[in-house]
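Take a look at the sequence and the 3D structure, then work through them one step at a time.

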Amino acid sequence: MELDRQPRRCLQKTLFMIVIHPFAKKLVNGKQNPKNYPYWKELIALIDEPIIQIGIEGEQQLTPDFRKNLPIPELRKLIQECRIWIGIDSFFQHLAWDEGKSGIVLWSVSDPLIFGHPENTNLLENRDNLSKNQFLWWDFTEHDASKFIEPEIVKNYL
Amino acid sequence: MDKILCSVATRGRYHTTLPLVLSAIINQTRLPDKLVIFDDNDEPKDLRNELAYSYFFKMLDLKGVQWQWLFAEKKGQHHIHQMANTMGYKWVWRVDDDAIPEPNVLENLYRIATKIDNVGAIGGSILTPPLIFDTSKSTGKIANIDKEPNIQWNHIENIVEVEHLHCSFLYRAGVHDYNLGLSRVAHREETLFTYGLYQKGYKILTVSDAVTWHFKNPQGGIRSETQQELYWHDEQIFRNIVGNSDRTIVVLNCGLGDHIVFNSILDSIPNPMVFGCYPEIIPCRSIAEAQALFGDLDQWNIYKKMAQWNWTGNLEDAYRKLYL
């Protein structure tokens, strides 16, 4: 029986786990990063699958399973194990792209044509929302929740 | 026809060689589209009411040459040249404030620069009377810079491809940056700049019939600094860059995601020497070491580059443009 259960556990882990990477690096000026998705709680409430949040110490915990400060090899492993991942414009979308695993990226002011990867589902509310200068520090751009796509729409892509 | 900016950096020569230089520029057979004088004097003056200068400005107006007198920041002439380099002109003709070009210099430099493919910079003879050096065996290669007189220090018979230029020349603007990590004496700045163009695959040429007379003046000048340690500092940067000329210097002074994207093109970069922040992504040496070795790191700042290029492509292609 033990031998029989083990593979099932692996199968379950592979099929039903979603990884989320909710927050970009903190800004030097202490303000909220304009790339941070504002509707994580609402989106998480719509998802009926195990979710693992990854991030760093000091970030808001959104799910019971919050894995902080994981080294890169551990992150790579999680990317391979998840069914899909959801993130914002930060290093994680690049890491997952490097692993060849596509996911969902929630954009607002940065341009997915410059900083994104076409292999992903890049959800941008409107290109008119993009910051005029894509190459400055994000400290100079205010966070604006209206520039992000609604969680109900994101859910449709899962 | 391409637009040409003429830039003159000046210090301490209001009433010696600068008027001669301006007169020579105004009397070129092919005029620049704009002349900018970068005034780096400790006590800058408004010269519009001085007799000779007032006529110079009127002559420029009559000849249809835009002109501008800018008070510079006193950080060294490399900062001045970088400003000129990024003013949006296709070509910049840089003329020293003690180097007096003969009337045909710009015409001949521009004619050849646009006749031959892929010219990055082009210069003629720079003669300092009464000296004439034996340049018959000079190669113009950077490796021989300590062993041979510069080809430009004598009359030039034919077009010669070299690896670096000296003093005054015409260059393709906006494709390579001046090294702003040099001290304010900016020792070797033009050598590093033209060699950088050469390393990017552009032709660097010396040509005949483009003589500039260098009235080397111990008084004034943009390099009127005597602190030996500043020269030593700049010389070290020069040696480090030239000493690693067979390597592709990569500096990733940027985020983790940028390192990951760059890593995807690393294999296509010839003989890379990587400096970065995330050795767990790419084996690399530290940014502090890069700063110490090469001075200014802005030339490798991918975000600054993308802004300069008005980039709309993806980050991976921007890295390709910067390093390949």
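**Exercise 1.** In which sense do S5(B) and strand S11 of chain B pair, and over how many bridges?

*Solution.* Before we start, note that this is a predicted model, where local features need pLDDT of at least 70, side-chain atom pairs count only at pLDDT 80 or more, and totals for chains, interfaces and linings use all residues. Residues are numbered from 1 along each chain as its sequence is written, while chains are lettered from A and ligands numbered from 1 in the order in which they are written.

Step 1: strands (E, at least two residues) and helices (H or I, at least four) are DSSP runs, numbered from the N terminus; two strands pair if DSSP finds at least two bridges between them.
Step 2: S5(B) and S11(B), residues 212-214, are antiparallel, with three bridges.
Step 3: one bridge partner to look for is B:Thr212, which goes with B:Pro101.

**Exercise 2.** Now try the eight-stranded sheet of chain B.

*Solution.* Step 1: write the order, S3-S2-S1-S4-S9-S6-S10-S8; the sheet is open and its pairing mixed.
Step 1: S1 (residues 4-10) and S2 (residues 34-39) of chain B run parallel over six bridges, and B:Cys6 is opposite B:Leu35 in S2(B).
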